[in-house]
Amino acid sequence: MSSAGDEAADGWQPSERARARTAFRRAQRRRALLVAGVATALVVAAVGYVVVTAPGWERAREAFFSPERAWEVLPQVAEGLWLNLRVWAVASGVGLVVGMLIAVVRTSRLPVLFPLRLLSVAYVDVFRGVPLLLVLLLVGFGLPALRLTWLPVSAAFLGGLAIVLTYTAFLAELFRAGIESVHPSQVAAARSLGLTRGQTVRRVVLPQAVRNVAAPVASMLVSLQKDSGLISILGAVDAIRAAQIATTGDYNFTPYVVAGLLFLVISIPLTRVVDAWSARQGWRGQLRGVAGAGVVR
Amino acid sequence: MRAPGGVTGAPLLSLRGVRKSFGTGAALNVVLDGVDLDVEQGSCVVVVGSSGSGKSTLLRVVDLLEDVDDGQVLLDGEDVADPWVDADAVRARLAMVFQQYNLFPHLRVLDNVTLAPRVVHGRRRAEAEDAAMAVLERVGLADVARAYPDQLSGGQQQRAAIARALVNGPELLLLDEVTSALDPELVGEVLDLLLSLRADGVAGGPTTMLVATHEMGFAREVADEVVFLHAGRVHERGTPGQVLDDPQRERTRDFLRRLR
C-alpha cells in the first residue's frame, strides 16, 4: 500500500483528509507501542519484586546464581552440551528421514506395502503412547541385558536410540498430516500429466506436504534438542549430567542454571532461524496472495 | 436499522474521489483512481467492467475490508473510511456475498446463518434459528439447513451465503460476481433468487444493492443504474438501456462487444 504523506509513483498527492487519516493511524500505532512497553515493564517489575522480596532470596541467589561458580563449571557443562548437540543432530537426521518414509508408507495405497503399513501403524501407536522416560529406561537397561555383542551399549548411543524411537513416531504423524493436507486436485493434476504414483508423491505431494508442516516439524526438532538432556538418566555425561556432578558436595545449584542457559542459547536462535525460513518459503506464484491466510487483521 | 433515506436525506452510499492502490514504486497498481458513485436507498446499482477493472476492490472498500488511500465512503452521510469510525459496527450494517461463497466449512448451513445474529447482534439461539429458518425457506434451502456446505451444490452454497447475508436485514447488500464460480446450469437459480429478492425485498422495502457482475442479462433486469468501470474510474453511467444498449463511449462499446 502506498502511504499517504509522500507522492506516489503516479504523481498522486494525498489530500488533507488522507493526511489526517495517516496521522491518526500513526498515533494509534504509537499508542499501541506505548501500551505494550508499559505492560511489559509492569509485568517484569512485578515478577522481579516478588522474587527479590521473597524471604529466601538472599540464600537462593547464592545457591542458584553465583557468578564465580558459574564461571568455574562452564567448561564442563559446555563439554556436556557438545554431546547433547551430537545426539540432537543424529536423532534429527534419522527422525526426519525415517519419519518421512513411515508417513509415505502409511498414506500409500500400494497393496505390496500392506505389511509395512501395518507395521508402521503399530510402531507409531506404541511409541507415541509410551512416555519417553519409560522408553529410555527400557532401551537403556533392557537392550544391554540381551548381551548382543554387535550392539553398542554406551549410554549416549542407547539414550539417542530411545529418543529417535519416540520422536520418529511423532515426526511420522506430522508428515502424514502434511501429506493429507495436500488437496486431492493436486494429485489429479499430476496423474493426468502421466506421472506415476511414486513420481506424484515425490514431485508434487511431498514438497507441498513438507511446506505445510514445516513450522510444527521445526518446533518438534527444538523440543528434541532439549529432550536430548534426558539421556543423562542413563549416565551419559551430557550438559545436565555434568551440571549434576558439579553440584554434588557443595549444594550450590548454579551449574543447573548454567546448563539451562546453554540450552536456551542453542534453542532460541534455532527457533528464530526456522521461523524466518518458513516465512520466506511462503507460497509462490498464483497462490502468493493466500500467504498469511488465517491471520485476522 | 436506520430510517430509510437516513438522517441527512443523502444517498445511502456515496463514494467521493475514492483512490485505492496496491504496491509501491515500480510495482504501484492504482486499482481505483478517483471513483464517484451514489447508491440511493432502495435502489440497485450494477458495476460492470473487464476483469481487473476494480469491481471487487470497489465492493471491498465499501465493506471496509480495504483501507482507501484517499477519498470518502459516505454511508448515510457519515464518512466510514475514517479510521476513527468503528469499522466493525459499520460492517454489521452491511452484508456481502462473495464470488467463492466463503461459507464456513466447519459449520452447518443453519449455523452459518445464525453465527452473526448470535455473536454480533446478541440474539438468543432459538430466536436466531427461527429467523434463519425463515430466510432459508425464502432462498429454498430449509430442507438442507442441517447439512454442511460441502454437501451442497455450488448453487445451493451460494444461496446459503445469500441467506447468511440477508438474515441481519442489511441496509446495503454487496454482491461480488456471485455467479462467476457457478456451473452454467446453476447460475439461473441464483440470479432468479436475487431478482425475486430485488422485487419483494426481505423484511419490508426493497433491498438496496451494489452489484458487481459479468451477467449483462441480469444487470439489465435488476439495475436501476449501470456503472461501467475502466482504468479505475467510472467511464460511463446511466440506466441499463443507456449503458448496455446505447453506450456513448468507445471503451464501453469495446467491452460489450467482447462479451458477445
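Chain A contributes 14 residues and chain B contributes 13 residues to the contact, where two residues touch if their C-beta atoms, placed from the backbone, lie within 7 Å. On the side of chain A that touches chain B, eight residues are nonpolar, two polar and four charged; here Ala, Val, Leu, Ile, Met, Phe, Trp, Tyr, Cys and Pro count as nonpolar, Asp, Glu, Lys and Arg as charged, and the others, Gly among them, as polar. The model is predicted, with local features needing pLDDT of at least 70 and side-chain atom pairs counting only at pLDDT 80 or more, while totals for chains, interfaces and linings use all residues. Residues are numbered from 1 along each chain as its sequence is written, and chains are lettered from A and ligands numbered from 1 in the order in which they are written.

Turning to chain A, an unreviewed UniProt entry places the feature "domain: ABC transmembrane type-1" at residues 81-274; such annotations may be inferred rather than shown by experiment. This span of chain A is 79% helix and 0% strand, and its end C-alpha atoms lie 21 Å apart. Helices (H or I, at least four residues) and strands (E, at least two) are DSSP runs, numbered from the N terminus. The unreviewed entry in UniProt also gives "transmembrane region" features in chain A, among them residues 126-144 and 253-274. Residues 126-144 of chain A are 89% helix, with end C-alpha atoms 21 Å apart; for residues 253-274 of chain A the values are 95% helix and 32 Å.

Helix α7 (residues 184-192) and helix α8 (residues 197-227) of chain A have axes that come within 10 Å and cross at roughly 155 degrees. Axes are lines fitted to C-alpha atoms, for helices over the stretch in contact, and angles run from 0 to 180 degrees between N-to-C directions. This crossing makes α7(A) roughly antiparallel to α8(A), the term for angles over 145 degrees. Their contact involves A:Q186, A:V187, A:A190 and A:R191 of α7(A), together with A:T200, A:V204, A:V205 and A:Q208 of α8(A).

Strands β3 (residues 44-48) and β9 (residues 225-230) of chain B pair in the parallel sense over four bridges, and B:V46 has B:V226 in β9(B) as its bridge partner.

How values were computed
Angles under 35 degrees count as roughly parallel, over 145 as roughly antiparallel, 65 to 115 as roughly perpendicular and the rest as oblique. Two strands pair if DSSP finds at least two bridges between them.
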